[in-house]
Amino acid sequence: MVEITLPPAGEAQSFAHVDDYLQVGMNGDASDMHLGVNAPPIWRRFGTLHPIWPDAIPLTPQQTETLAASFLTESQLHTLHERGDIDFAYANSFGRFRASVVRHRLGFDLVFRIIQNRVRTMDELGLPPALKTLTQYHNGLVLVTGAVGSGKSTTLAALVEEINSTRHDHIITLEDPIEYVIQSKGCHVTQREVHTHTRSFGAALRGALREDPDVIMVGEMRDLETIQLAITASETGHLVLGTLHTGNASRTLDRVLDVFPVDQREQIRIMVSESLRGIVSQQLVPKKDGTGRVLALEILTNTPAVGNVIRESKTFMLPGIIQTGRKNGMRLMDDSLTELYQQGVISQEELLARAEQKAVVKAAIK
């Protein structure tokens, strides 16, 4: 386990500004920070949530309210008191954070996702070279999926950065909130934040189509309007990158198709079968030695067989197609997890807890 030097717990009680806690979190390689009523300061490190200081005194309602007031603007405080919650990107002198403040029965809770200061490349993240093919298309739909906290935003930023470095196009990103700040390189990059620069993802997408884009990145495809506009944009000469909170390729396609009314699904299946370029589903799995987390991937790329399965609404056949499509860079999540276990990176308990076909995986590792 990585050893982190922390200030004594007693000193933590004198922190009057969230920046002091955020600095501790960044120094400690945490992914999230929780400052809540009747709980000690908590961080998530390597996927596990636990107190920063085991003997720290729980925060009081007055302390969390003071902490909220220490970094929220007057307008944000008004929204918080009026609506009861607020989330946005917060930047200070040493980092960027996705901030969420909510009012509840006991007072205010503050949660921060720590965003890396630099956009890491696909190579630095250890993404397979085959994924670079997805960044070379000039139209179509690429989806990055996974649970909350699985690193989707980081992977998506790496894909955008690959395009930014290798092409000469106009990239528009639509995010809620903006996490990674992407500097224009070969491409001209326009970043828009929902609720700050535009009313909704749908409104931003409609606007984007009139802004001469080549690549559109949608931070979250969460409703019918956004999904419909993203599919339409992918068919009209734009490369669309988006995220969904789904666990694997077949569930992703089911989610995309099921959001449409029944009488539209046949047409949408045809559109998706033609526009889909690939689906990357991912998990961040704690390493066996406790030094961090490792990326496990399921990769689906569109082939004639995949397109046919989508058109015929037989997504249950996709795992078999992925297994036989290894030469095209495809892989199943179970195969990725098994490989990490066989390399000694993750434990057997993690492997079996996360595997879809547990009986098959058990047989494979005997």
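This is a predicted model: local features need pLDDT of at least 70, side-chain atom pairs count only at pLDDT 80 or more; totals for chains, interfaces and linings use all residues.
In which hand does α10 pass α11: left or right? Hi everyone, let's work up to that together.

Helices first. Two packed helices are described by the angle between their axes and the distance between the axes. Here, helix α10 covers residues 265-275 and helix α11 covers residues 304-311; their axes come within 8 Å and cross at roughly 165°. Angles over 145 degrees count as roughly antiparallel, so α10 is roughly antiparallel to α11. And the answer to my opening question: the crossing is right-handed.

Who makes the contact? From α10 we have Arg 269, Ile 270, Val 272 and Ser 273, and from α11 Gly 307, Ile 310 and Arg 311. Sorted by type, the residues of this contact are three nonpolar, two polar and two charged.

Now the sheet. Strands of a sheet pair through backbone hydrogen bonds, either parallel or antiparallel. Ours is an open sheet of seven strands with mixed pairing, and the order reads β9-β8-β10-β11-β7-β12-β13. At the edges stand β9 (188-193) and β13 (293-301); each has a single partner strand, so one side of each has no neighbour in the sheet. On average, neighbouring strands are turned by 15° against each other, ignoring direction.

Let's zoom in on one pair. Strand β7, residues 140-145, runs parallel to strand β11, residues 239-244, and six bridges join them. You can find Gly 140 opposite Leu 239 of β11.

Finally, a helix packs on this sheet: α7, residues 201-208, touches β8, β9 and β10, and its direction makes about 170° with that of β8.

Methods:
Residues are numbered from 1 along each chain as its sequence is written. Side-chain values use heavy atoms; hydrogens and water are left out. Axes are lines fitted to C-alpha atoms, for helices over the stretch in contact, and angles run from 0 to 180 degrees between N-to-C directions. Helices (H or I, at least four residues) and strands (E, at least two) are DSSP runs, numbered from the N terminus. Angles under 35 degrees count as roughly parallel, over 145 as roughly antiparallel, 65 to 115 as roughly perpendicular and the rest as oblique. A crossing is left-handed if the near helix is turned anticlockwise from the far one by less than a right angle, and right-handed if clockwise. Contact means heavy atoms within 4.5 Å. Ala, Val, Leu, Ile, Met, Phe, Trp, Tyr, Cys and Pro count as nonpolar, Asp, Glu, Lys and Arg as charged, and the others, Gly among them, as polar. Two strands pair if DSSP finds at least two bridges between them.
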